[in-house]
Every structure is written in C-alpha cells, then in structure tokens.
Amino acid sequence: MTVNHGGNLTEEYFRAYISLVINSRNYTLEKAKHFMVERFLTGYPTTYGPITGASYINAVKVLSLD
C-alpha cells in the first residue's frame with residue numbers, strides 16, 4: 001500500500017488495517033503489531049509523523065482491549 005507523507009492517518013484507519021492483517025494472515029495481535037511496525041511504518045511508529053504515530057498506538061491499545 002502506498003502512503004504519502006502529506007496526510008495524517010487516523011486511529012480508525014489503523015484499526016481497520018491491523019484487523020485486515022490479523023484476518024488475512026491469521027496473525028495474533030502481537031504478530032500483527034510487529035508486521036505493521038516493520039513493513040508499514042519502516043521500523044518506527046513515527047515514520048509518518050507524530051499524529052499518525054499516536055493514531056497507530058491508540059489503535060493498538062483499542063484492539064488489545066477487545
């Protein structure tokens with residue numbers, strides 16, 4: 001997936017994306033988190049800025065409560 005640096009990604013975006021990774025790859029949340037950081041965020045949650053990074057972290061927190 002191509003992501004431009006021009007916009008902030010939302011918590012809802014990351015919840016949907018992480019859920020897709022979990023369902024399509026049959027991953028646990030922990031494995032999906034690792035996949036997202038390594039592949040999507042290129043190793044750093046703040047790769048696309050602090051707002052997008054915070055959205056990712058909040059999405060992971062919400063999904064871990066489910």
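## Exposed or buried

A residue counts as buried when its relative accessible area is under 20%, as exposed when that area is over 50%, and as partly exposed in between. Keep that in mind while looking around this structure, which is a predicted model.

Take E30 to start with: its relative accessible area is 53%, so E30 lands in the exposed group. K33, at 24% relative accessibility, is partly exposed.

## Two salt bridges

How many salt bridges does a search of the whole structure find? The search turns up two.

One of them joins E30 to K33, with the closest N and O atoms 3.1 Å apart. Both residues sit in helix α2, which covers residues 29-40, and they are three residues apart, or about one turn of the helix.

The other pairing is E11 with R15, where the closest N and O atoms are 2.9 Å apart. Why are E11 and R15 separated by about one helical turn? Because they are four residues apart in helix α1, which runs over residues 11-25. As for R15, its relative accessible area is 26%, so R15 is partly exposed.

## Rings that pair up

Now for the aromatic side chains. The count of aromatic pairs comes to eight. Have a look at Y13 and F40: their ring centres are 6.3 Å apart and their planes meet at 40°, so this pair is tilted. Y13 belongs to helix α1 and F40 to helix α2, so the pair links distant parts of the chain, 27 residues apart.

Are the two partners buried or exposed, or something in between? Y13 is partly exposed, because its relative accessibility is 24%. F40 is buried, because its relative accessibility is 7%.

F40 has another partner to show you. With F14 it makes an edge-to-face pair, 5.9 Å from centre to centre and with 90° between the planes. Because F14 lies in helix α1 and F40 in helix α2, the pair ties together parts that are 26 residues apart in sequence. Both F14 and F40 are buried.

## One aromatic cluster

Step back from the single pairs and a wider group comes into view. Which residues make up the aromatic cluster? Y13, F14, Y17, F40, Y48 and Y56 form one cluster together.

Note on methods: Residues numbered from 1 in each chain as written. Predicted model: local features only at pLDDT ≥ 70, side-chain atom pairs only at ≥ 80, totals over all residues. Heavy atoms only, no water. Salt bridge = Lys/Arg side-chain N within 4 Å of Asp/Glu carboxyl O. Helix = DSSP H or I, 4+ residues; strand = E, 2+ residues; numbered from the N terminus. Buried < 20%, exposed > 50% of the residue type's maximum accessible area, 1.4 Å probe, protein only. Phe/Tyr/Trp six-rings, centres within 6.5 Å; stacked < 30°, edge-to-face > 60°.
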